[in-house]
Amino acid sequence: MASKADADGPPQPTASVAAAATLAKDMSNIFWAVGFYWVISISMVFVNKTLLSSPTGKIDAPFFITWYQCLVTVIAVYAMGQAGIASVPKFELRPSVVRQMVSLSVVFTCMIVFNNLCLKYVEVSFYQVARSLTIVFNVVFDFVVLGQVTSLPAIGCCALVVSGFLLGNDQELRWSLQGVVFGVASSFFVAMNSIMVKKKFRLVDNDPWKLTLYNNVNATILFLPLIVLSGELNVVATAANVRTPQFWGLMTVGGFLGVAISFATAAQIKYTSPLTHNVSATAKAAAQTVLALGIYRNPITALGGLSVAVVLAGSLSYTLVRRAEMKSKAAAEEAARVAAAAEDNVRPLVINEATRT
């Protein structure tokens, strides 16, 4: 006679199929999120490189180019807010918040200006090395501004990055002093921006889209005197490229990529983790360097290639070390909390026993 278990059949295959389907869906989400981030991030670098220094597509107006892309970002965020896309809030500017955000927006403006100026003067294959000192400035600002002391292993990772930076500067065949200075300045303001965001984030209700909106609105205003004083108005008025639809199409694409990178970053963190995001960004930088070598055919020495690898290895090691330190700190705090709770529970029992005796 067949038993009830035989009649019902074992449940394991159904559970296994469901688990396999869930795993396949998760892996698919991770693949598309990481791929989307890589495509958007790399495309943004190559589009801006074309606008800033391509022999056929450039105009010598980096302030104007960056201003236009900030303007496109504001318009895009406004449109997405009105349409209710991706939880983007509706366009709202509070004058008091605008004023309080000015200091952050100045840092943000300097960050993107120096970033683009660095990209203008250096090869894309050297771009990662030229801007590699961000984590060094992060360590300095953590100590000077926040009073946080960095561990020796993390400092060792920074030393590895600095050695790669120095080696890369020594070996770069198309070395540009301007590009390196702008790269170091970009690193400085990237690190400063992260500190400022921590302090100002509450002003925008901890909403990254509001932060993007206020920063880019302020930046579009801050860029205007830079455009006038640098003489870029005359450059834009007389440049032949400005009268072509290809130029404005590329400019607009660059602006939309600036918005899309926010989506891409959020999606990659959502479907992986902040640590995996940093690892992916490091791997993306390596792929970007290889692509640049293939596309632009710029010469590179063996030690120059090694410098890129050293910088990426140092950056990745720093991420892993800091992640491990954060987990250890969280575990220690949890253990202390549990011990304190246990002590609080034991104390009344001791008092009761003393009262009885």
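**Reading surface and core**

User: Let's start with Val149: buried or exposed, and how do I read that?

Analyst: Buried means under 20% relative accessible area, exposed over 50%, and partly exposed in between (1.4 Å probe, protein chains only). Val149 has 70% relative accessibility, so it counts as exposed. Bear in mind that this is a predicted model: local features need pLDDT of at least 70, side-chain atom pairs count only at pLDDT 80 or more, and totals for chains, interfaces and linings use all residues. Residues are numbered from 1 along each chain as its sequence is written, and side-chain values use heavy atoms, leaving out hydrogens and water.

User: Where does Val149 lie?

Analyst: Helices are DSSP runs of H or I, at least four residues, numbered from the N terminus. Val149 sits in the loop between helix 7 (134-144) and helix 8 (152-171).

User: What about cysteines: how many disulfides are there?

Analyst: A disulfide is a pair of cysteine sulfur atoms within 2.5 Å. That rule gives 0 disulfides here. Cys70 is buried because its relative accessibility is 4%, while Cys110, at 22%, counts as partly exposed.

User: And which residues touch the most other members of the largest nonpolar core?

Analyst: A nonpolar core is a set of buried Ala, Val, Leu, Ile, Met, Phe, Trp, Tyr and Cys residues joined through side-chain atoms within 4.5 Å. The largest one has 67 residues, and Ile59, Phe64, Met101, Phe223 and Met251 touch the most other members. Helix 5 (residues 102-121) gives the most to this core, with 9 residues. Apart from this core lies another, of 9 residues, including Val74 and Leu213.

Key: Helix = DSSP H or I, 4+ residues; strand = E, 2+ residues; numbered from the N terminus.
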